[in-house]
Amino acid sequence: MSAGPVRYGSWSKDKPGWFGGLSARAWIGVALSGLPMVLAAGANRWLLALAWAPAWAVLVVLLAVPVRGRSAFRWALDLLLRGIGGALGWTDWQSRAAAGTTGDLDDADLPGVLSGIQTHDGPPFGPLLARPVVVADHRERTWAVVARITHPGIGMSESTARTRMGIGLAELLEGAATTELVSVVALQVRTLPDDGAERAAWQQTHLRPEAPRLARAVTAELAAVMTHAGVRHEAFVTLVVPERRIHRQAKEAGGGVDGRARVLYGVMGEIEARLVGPVGCTSVTWLDSPGLASAIRTGFAPGDRAGLATAELAARTDSGIAAVLPMAAAGPTAAPPPERRHYVHDAWHSATCTVLLPDKGAVMGALAPVLTPTAAGERRCATVFFEPISSTRADRMVGNESMSSELATELRRRGGFRERAAHRRDAARVEGQDVRLAQGNALVRVSVAVSVTVPSTWSITDYGRRLEASVTGSGFKPLRLDLAQDSAFAAACIPLGIGLPRRRGAQ
């Protein structure tokens, strides 16, 4: 008899709060806002103290009570910044290619948080002497490489095979933490409508003119029906390395972009060996500049994949066909100011939300319904960001959390409050993390962003609601990223390792 599926859990909030769930900054704000009342009471000015008490209570609510993941003070600040950006025209964007002012075709031209991206062709890599593209993010001062992976999936796998793949992923992340170079490992999966480009090219090549007319009509009708109902899956892995971690080794490897690429190649070799081995991938292809440009373009415009695939297939037989997409044309032609709850890009619009991990844990493959489209023509994306934490920092984080847990337990005991099951569960979780950390396991920060993309003529409100329903039906909790849909779209749909800002205690 095979064992049941393994339930993964034992995770905690990234920033659990200094005391009582609030950070030290929030406690300082609460104390400073209550200082006038204390001073008035100390001076025996009781009427002034009583008059300030309601104002202090309102300030405490604004600072301490979260509303959809953010405090009211943070909401007001974000609304103010969004209004200033819109008034100054910072949120309206048009590509240089659409304006006819393109200079170097190798320069990336992307909107929003992707505007600091610059790509470089690395030195030859591997037995085929391919030249993977090295992505430099000048805003975050990081370097990244992207791979397209092929995996058979876990839908038909037994529990033992799924467990083995889960252990392989854990070993991959522990290896990334051991190198102390990789800051983020981003795994992105896309489920997009099947355009039938490869099938159409194959049929055009192998179609016999002497075939019966009825057979050809039936074949064309079946191809149209199956293409309309079919979906494709794409998966990418992105490795992100900060400049502060790589600059010393890059200097020893020759310096410059080539030196950084040579250091990255060593990490790529280790990650590729684990992807093909324990994780179970059948192929790992590190993208060059045209491949990355195509991945970025289809992220913004899923409908362009058919034309790109057709041109690539035709170029194999006709060298005069230009099948290479330049990096300058990889982004959208225009991106108007983002709406509050969705993002418009060319003839498409997308709604993105993060996924909060449940306290009860989850089994491998629980997010499969999130990647299942509810209608033909709908595109779903999900990106999981794994951030290995160094052993020194992990030990400090677990120690602080253990001390906070013990302090809260002691206060409840002295106050005569009964210890509830949730308190015992949290204490056991902290103890388990401490034990695993002492055994040499790595501590990894995890965040998940999911997105749905549909044509601009469809109701994005309806499909955004369907996405949230899929997340809820999978046992997770969705959180729509209001006022940040452009950054959220880049995190969920573009495989460049651009994550979400750490403004809340994400799990």
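A residue is called buried here when its relative accessible area is under 20%, exposed when that area is over 50%, and partly exposed in between. The model under discussion is predicted.

**Helix H5.** Helix H5 comprises 21 residues, 159–179. At 1.5 Å a residue, H5 should span 30 Å, and its end C-alpha atoms are 30 Å apart, which agrees. The buried residues of H5 are Ala161, Met165, Gly166, Gly168, Leu172, Leu173, Gly175, Ala176 and Ala177. The cover over these buried residues includes helix H9 (256–276) together with strands S1 (7–8), S8 (184–193), S15 (379–389) and S16 (443–455). After H5 comes Glu180, which has a positive phi near 55°.

**Nonpolar surface patch.** Val58, Leu59, Leu62, Phe73, Leu77, Leu80, Leu81, Ile84 and Leu88 make a nonpolar surface patch of about 770 Å². At least two residues of the patch come from each of helix H2 (46–64) and helix H3 (72–87). The largest contribution is that of H3, with 5 residues.

| Residue | Helix | Relative accessible area |
|---|---|---|
| Leu81 | H3 | 47% |
| Met397 | H12 (residues 391–415) | 24% |

Met397 and Ala250 are 147 residues apart along the chain, and their C-alpha atoms are separated by 30 Å.

Technical notes:
Residues are numbered from 1 along each chain as its sequence is written. This is a predicted model: local features need pLDDT of at least 70, side-chain atom pairs count only at pLDDT 80 or more; totals for chains, interfaces and linings use all residues. Side-chain values use heavy atoms; hydrogens and water are left out. Helices (H or I, at least four residues) and strands (E, at least two) are DSSP runs, numbered from the N terminus. The expected span of a helix is 1.5 Å times one less than its number of residues. Buried means under 20% relative accessible area, exposed over 50%, partly exposed in between (1.4 Å probe, protein chains only). Contact means heavy atoms within 4.5 Å. Patches are made of residues with over 30% relative accessible area and no salt bridge: like charges are joined within 9 Å, nonpolar side chains (Val, Leu, Ile, Met, Phe, Trp, Tyr) within 5 Å. Accessible areas come from the Shrake-Rupley method with a 1.4 Å probe; for residues, only the protein chains shown count as cover. A salt bridge is a side-chain nitrogen of Lys or Arg within 4 Å of a carboxyl oxygen of Asp or Glu.
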